[in-house]
Amino acid sequence: GSGEGDHECSTEFGNMRYRAIGLSQPPHASGITSGHKVVFLHGLGSSSETCQPPETLLSSNSFLIPDFFAHGRSPAPVDQQAYRMQSLAACVAEILSKERASDVFVVAHSMGGPIGVELC
């Protein structure tokens, strides 16, 4: 299920893992309810572990932080199409849909930048 901690989302290319931080209630039941919703998109060779939200933002905001395929806890799909920016953005969109997170702020680093642009 969803809520605080580590999760995975089934996508057309396989399961993408992600972390949820600051969720006061299970998102499936009521959507992300506290403050702003923020999606952190990591860079090449990085993972959700390097995207720790600042302590000052944790008390009033919710964070979704995916591990892109072949990064962090997400597997490496055989289908090379999985690694296209458009494909990764579509997978992040599936996570947002699963978590009922619409109107989000996107914070992106390096490779996460073009994925964030595709997401918009």
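Author: The model is a predicted one, and the term to settle at the outset is contact, which here means heavy atoms within 4.5 Å. In that sense, and leaving aside neighbours within four places in sequence, Met 16 is in contact with residues including Cys 9, Pro 66, Phe 68, Phe 69, Leu 88, Cys 91 and Ile 95.

Reader: Why is Leu 88 called buried?

Author: The relative accessible area of Leu 88 is 3%, and the term buried applies under 20%, so Leu 88 is buried. Leu 88 lies in helix H3, residues 85-98, and, not counting residues up to four places away in sequence, touches Met 16, Phe 68, Phe 69, Ala 82, Tyr 83 and Ile 115.

Reader: Which residues have the most contacts inside the largest nonpolar core?

Author: Within that core of 20 residues, they are Met 16, Phe 68, Phe 69 and Ile 115. Strand S2 (14-21), strand S3 (37-41) and H3 each give two or more residues to the core, and the largest share, 6 residues, comes from H3.

Reader: What makes S3 largely enclosed by the rest of the structure?

Author: Because 5 of the 5 residues of S3 are buried, S3 is described as largely enclosed; Lys 37, Val 39 and Leu 41 cover one side, while Val 38 and Phe 40 are on the other.

Reader: How do you know that S3 and strand S5 pair?

Author: Pairing requires at least two bridges, and S3 and S5 (residues 105-108) have 4 in the parallel sense, so the two strands meet that requirement. Val 38 stands opposite Phe 105 in S5.

Technical notes
Residues numbered from 1 in each chain as written. Predicted model: local features only at pLDDT ≥ 70, side-chain atom pairs only at ≥ 80, totals over all residues. Heavy atoms only, no water. Buried < 20%, exposed > 50% of the residue type's maximum accessible area, 1.4 Å probe, protein only. Core = buried A, V, L, I, M, F, W, Y, C linked by side-chain atoms within 4.5 Å.
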